[in-house]
Amino acid sequence: QVKVLEYGGGLVQAGGSLRLSCTVSGLALMNYAVGWFRQAPGKERELISCISWNGDATYYTDSVKGRFTISRDNAVNTLSLQMNDLEPEDTAKYYCAADRSFANLRRNQERIRYWGQGTQVTVSS
């Protein structure tokens, strides 16, 4: 069975760094586009970053450009998000997602096939 598991969240001070990871089992991640989403209290889930199956295409939302870096290691079915210079506004529950379509990751999250349960990131002022 397909399972998506995020880990690495926690509490960090503003300006600090955190690295999130996501392992996907039950499928060959090399065949999937993957991405990170987040949802803050009272807000809708938003796409933070995504990457195509071969890394040819990437996307970062403006608020994280220059601070966050998405990467993938298909050999171990792992997706990562390195988060630097964290801000209180980054506080949210972060979700890993995978779909065969990069377009779904990028523009149609309602069509995304696989989701993790999320990991909480809290950035203190």
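This is a predicted model: local features need pLDDT of at least 70, side-chain atom pairs count only at pLDDT 80 or more; totals for chains, interfaces and linings use all residues.
Local features here need a pLDDT of at least 70, side-chain atom pairs count only at pLDDT 80 or more, and totals for chains, interfaces and linings use all residues. Residues are numbered from 1 along each chain as its sequence is written, and side-chain values use heavy atoms, with hydrogens and water left out.

The structure turns out to hold 5 salt bridges, a salt bridge being a side-chain nitrogen of Lys or Arg within 4 Å of a carboxyl oxygen of Asp or Glu. One of them joins the side chains of arginine 38 and glutamate 46, at 2.9 Å from N to O. Arginine 38 is buried, with a relative accessible area of 5%, while glutamate 46 is partly exposed at 32%. As for these words, buried means under 20% relative accessible area, exposed over 50%, and partly exposed in between (1.4 Å probe, protein chains only).

Next up is the pair of lysine 65 and aspartate 62, whose side chains meet at 3.0 Å, N to O. Aspartate 62 counts as exposed, at 62% relative accessibility.

Arginine 67 forms a salt bridge with glutamate 87, and their closest N and O atoms are 3.8 Å apart. Arginine 67 sits in the loop between strand S6 (58–60) and strand S7 (68–73), and glutamate 87 in the loop between strand S8 (78–83) and strand S9 (92–99), so this pair ties together parts 20 residues apart in sequence. Strands are DSSP runs (E, at least two residues), numbered from the N terminus. Arginine 67 is buried at 8%, whereas glutamate 87 is partly exposed at 30%.

Finally, salt bridges link Arg38, Glu46, Arg67, Glu87 and Asp90 in a network.

Technical notes:
Helices (H or I, at least four residues) and strands (E, at least two) are DSSP runs, numbered from the N terminus.
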